[in-house]
Amino acid sequence: MRVLVTGGAGYIGSQTAKALARSGHEVIVLDNLVTGHREAVKWGPFVEGDLGDKELLPRVFKEHRIEAVLHFAASLLVGESVKDPQKYFWNNVVNTLVLLDAMKASGVKYIVFSSSAATYGNPEKVPIPEDHPLRPLNPYGESKLCMERAIRWYSVAYGLRGVALRYFNAAGADLDGDLGEEHDPETHLIPLVIKAALGQRPDVEVYGTDYPTPDGTAIRDYIHVVDLADAHVRALEYLVAGGESTELNLGTGQGHSVREVAAGVDKLCGGLVPAKDAPRRAGDAAALVADPTKAKQLLGWYPKYSDLDTIIQSAWKWHSSKSPKTK
Ligand code: NAD
Ligand code: UFG
């Protein structure tokens, strides 16, 4: 199929563009490069432009005869969203509505949407199933939930079909070394720990050591970006085969604490990670772990590379190839 990948110059979008191309799909990337990287667009034509451009989108759909959309483009810093909700509702909601309208006008029926575990808020139980109450703690999570619901209602009224994939913590790098995580500023734990171990940062702060978890630090479900990319290709194929609109968790079902991640980098990469205890980060839940049963059942998807060692080793290889160890 001819697939438009919005945000395809970013971390997860570029990895998915590679997976789509490998599965025989034609990939067209739309990205405004606000956080993405031109050099990460390697598997098809690149349209530099904004999701919210009401004239550009219908043109792109027509020119490239787009048949489906994988929608990654978004703003995604939880803390920033609390300080600047306007940015999040405009980019993640209003601009996504522009995309949905262009799809409707062009008769494009399939969308796979990057949602997030941030839609759940503080979980009542872990692992978290999809029918858990959705109570986002920040505008980022609200904006993702809002678009999940818009896609549902567009499905009912206009025959659109969509899969919202609720990623837990995306991590790791391409196994061939082609792609990896390059956020600026970086806020995610694994790249920060690795950068500290490489001497590119003085240390990494451990946000909260008094959580009700076995070692007192917060627990997350880390999912390898290559496994995420595979799930997107499967979600697209599920829709094309007639699958109903739905929401699916993408995680492993296994959690790791902040200290376990730091110890994993110590063990696998050599050299102690300088870690400094710090207060909890506002808005962080103690533990977020997916129940991935539904994605397994509907998509036949099983994470293959999401054990913590493979995640850390691939991320380490990527970051050290970018800038070698400085200590
Ligand atoms: P990223 O910043 O690397 O990629 C986002 C891409 O979207 C960038 O290339 C950026 O330039 C582009 N973009 C943003 N706004 C745009 C606009 N208005 N028009 C055109 N392009 C635009 O982020 P990522 O980590 O690859 O995240 C991809 C998606 O996955 C996002 O929707 C995010 O909310 C979701 N997600 C990420 C994580 C994670 O752990 N990284 C977890 C849950 C959900
Ligand atoms: N953490 C630290 N020190 C740091 C950075 C993070 O201790 O310097 C901790 C956090 O407090 C958290 C864990 O490491 O407990 C993971 O933090 P990340 O910032 O890597 O990821 P989050 O769990 O906050 O958020 C990520 C994505 C969101 C997504 C969410 C869903 O960034 O987009 O996962 O679980 F919504």
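Hi everyone, let's begin at ligand 2: of the 21 residues around it, Ser 116, His 188, Glu 205, Arg 281 and Asp 284 come nearest, where a residue counts as near if one of its heavy atoms lies within 4 Å. Before going on, a word on the source: this is a predicted model, so local features need pLDDT of at least 70 and side-chain atom pairs count only at pLDDT 80 or more, while totals for chains, interfaces and linings use all residues. Residues are numbered from 1 along each chain as its sequence is written, chains are lettered from A and ligands numbered from 1 in the order in which they are written, and side-chain values use heavy atoms, with hydrogens and water left out.

A nitrogen atom of ligand 2 sits 2.6 Å from a backbone N or O atom of Glu 205. An oxygen atom of the ligand is 2.8 Å from a polar backbone atom of Leu 189. Taken alone, ligand 2 exposes 690 Å², and the protein buries 93% of that; the areas come from the Shrake-Rupley method with a 1.4 Å probe.

Which element supplies the largest share of this shell? That is E8, with 4 residues. Helices and strands here are DSSP runs, helices being H or I with at least four residues and strands E with at least two, numbered from the N terminus.

Now, ligand 1. Of the 30 residues around ligand 1, Asp 31, Thr 35, Phe 72, Asn 91 and Tyr 140 come nearest. On its own, ligand 1 exposes 830 Å², of which the protein buries 97%. Helix H1 (11-22), helix H4 (85-106), E5 and H5 each give two or more residues to that shell, and E5 gives the most, with 3.

That brings us to the sheet. Its 7 strands form an open sheet in the order E3-E2-E1-E4-E5-E6-E11, with parallel pairing; strands pair if DSSP finds at least two bridges between them. Strand E3 (46-48) and strand E11 (246-250) are at the edges with a single partner strand each, so one side of each is left without a neighbour in the sheet. For E11, 5 bridges join it to strand E6 (residues 161-167), and Leu 165 stands opposite Leu 248 in E11. Thanks, all!

Terms used
A polar contact is a pair of N or O atoms within 3.5 Å; within protein, one must be able to donate a hydrogen and the other to accept it, and residues adjacent in sequence count only if both atoms are side-chain atoms.
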